[in-house]
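Trainee: I am new to this structure. Please take one part and go through it closely with me.

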Amino acid sequence: MSADLTAQLEQLHAAAFGWALSCCGWDRTAAEDVLQASYLKLLDGRARFEGRSSFRTFVLGVVARTAREARRRSALRRWLPLASLVLGREAVDGRPDPATALARADETARLVRALGRLSARQRQVLHLVFYEDLTIAEAAIVAGVSLGTARTHYERGKSALKRLLEKEGA
Amino acid sequence: MIERDDPHLKQAFEALRREAAAGTPPFRATVAAARTRRAAAPGGRRALRLAAAVILVVVGVVVVSIRRHRDGVRLEIDLATVRWQAPTDFLLTLPGDDLLRSVPQLGPRSLDRRTL
């Protein structure tokens, strides 16, 4: 891996970890696994930046794809118990890490709970816009949806999230 | 459309980001763990190849056994060895058709001049 790529990844590390947490339902262990697998793709050159988007968008996209693959493997393991012999140990189970859950502040815990009740696409778009400071167009690229779809998810997700937070706060 | 246009949500996400940032594993450790995974990967690939080979062998055995079973059934009901006769075949037999099917013998014995 080139020093330049390493430096760029290091700059994005915190953002990539936050995104991995969101993709893995705030399960810290699963997020670390997904992030390592994503870095592995970048190290091996299986995921190559071709300048079609910003480097930040590209890296977040790699993390999102890796998390999807991990979820699929996890689902396969649930359905086929023998698959774990071939696929290796469990990486993502989608459940929050108990230590992380305990340490989480009340307000952020409410936000995470409310986000968990949104659809996956709404959760993704809101996280990318509010947490990662991406534009809706960039969020659409990372989530792999059209700009119009991302806008719809953003608006509907924002309204639903506000409603859920108000309900939880009451 | 104004993005991040909700100050309350923005504030809540910023708190979440601060909390997650505090618990972010060190970059070097993550890269080192990724490299360890890469070193361990060939074992996984070997297991995958082994599983693929086992599946191929099982599929081969199943295909061969099915074919053998089918061949056995075919021998039992081989139509080429069966001679079928319709119940109305007797209507096709003419009186004296053995004469029509046999070649008449024309020779010195049959051509007796005395009978002519």
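Trainee: How are helix 1 of chain A and helix 3 of chain A oriented to each other: roughly parallel, roughly perpendicular or oblique?

Mentor: Bear in mind that this is a predicted model. Start with the angle. Helix 1 of chain A covers residues 3-23, and helix 3 of chain A covers residues 55-79. They pack at an angle of about 40°. Angles under 35 degrees count as roughly parallel, and 65 to 115 as roughly perpendicular. The two helices are therefore oblique to each other.

Now look at who meets whom. Helix 1 of chain A brings Q8(A), L9(A), L12(A), A16(A), W19(A), A20(A) and C23(A). Facing them in helix 3 of chain A are F55(A), R56(A), V59(A), L60(A), V63(A), A64(A) and A67(A). By kind, the residues of this contact divide into twelve nonpolar, one polar and one charged.

Stay on helix 3 of chain A and find T66(A), which is found in that helix. T66(A) has 24 other C-beta atoms within 10 Å. The cut-off for buried is 20 or more, so T66(A) is buried. Its partners come from elsewhere in the sequence. Leaving aside neighbours within four places in sequence, T66(A) is in contact with V34(A), A37(A), S38(A) and K41(A). Take V34(A) as one of them. T66(A) and V34(A) are 32 residues apart in sequence. In space, C-alpha to C-alpha, they are 6.1 Å apart.

Next, step out to the other chain. Chain B has three helices and zero strands. From the N terminus on, its elements run α-α-α. Chain B has 116 residues, and 7% of them count as buried.

Last, see where the chains touch. The contact takes 30 residues from chain A and 28 residues from chain B. On the chain B side, helix 1 (7-22) and helix 2 (27-76) each supply at least two residues. Helix 2 of chain B gives the most to that side, with eleven residues. The residues of the chain B side divide into 16 nonpolar, four polar and eight charged.

Note on methods: Residues are numbered from 1 along each chain as its sequence is written. Chains are lettered from A and ligands numbered from 1 in the order in which they are written. This is a predicted model: local features need pLDDT of at least 70, side-chain atom pairs count only at pLDDT 80 or more; totals for chains, interfaces and linings use all residues. Axes are lines fitted to C-alpha atoms, for helices over the stretch in contact, and angles run from 0 to 180 degrees between N-to-C directions. Helices (H or I, at least four residues) and strands (E, at least two) are DSSP runs, numbered from the N terminus. Angles under 35 degrees count as roughly parallel, over 145 as roughly antiparallel, 65 to 115 as roughly perpendicular and the rest as oblique. Two residues are in contact if their C-beta atoms, placed from the backbone, lie within 7 Å. Ala, Val, Leu, Ile, Met, Phe, Trp, Tyr, Cys and Pro count as nonpolar, Asp, Glu, Lys and Arg as charged, and the others, Gly among them, as polar. A residue is buried if 20 or more other C-beta atoms lie within 10 Å of its own, exposed if 12 or fewer, and partly exposed in between; C-beta atoms are placed from the backbone.
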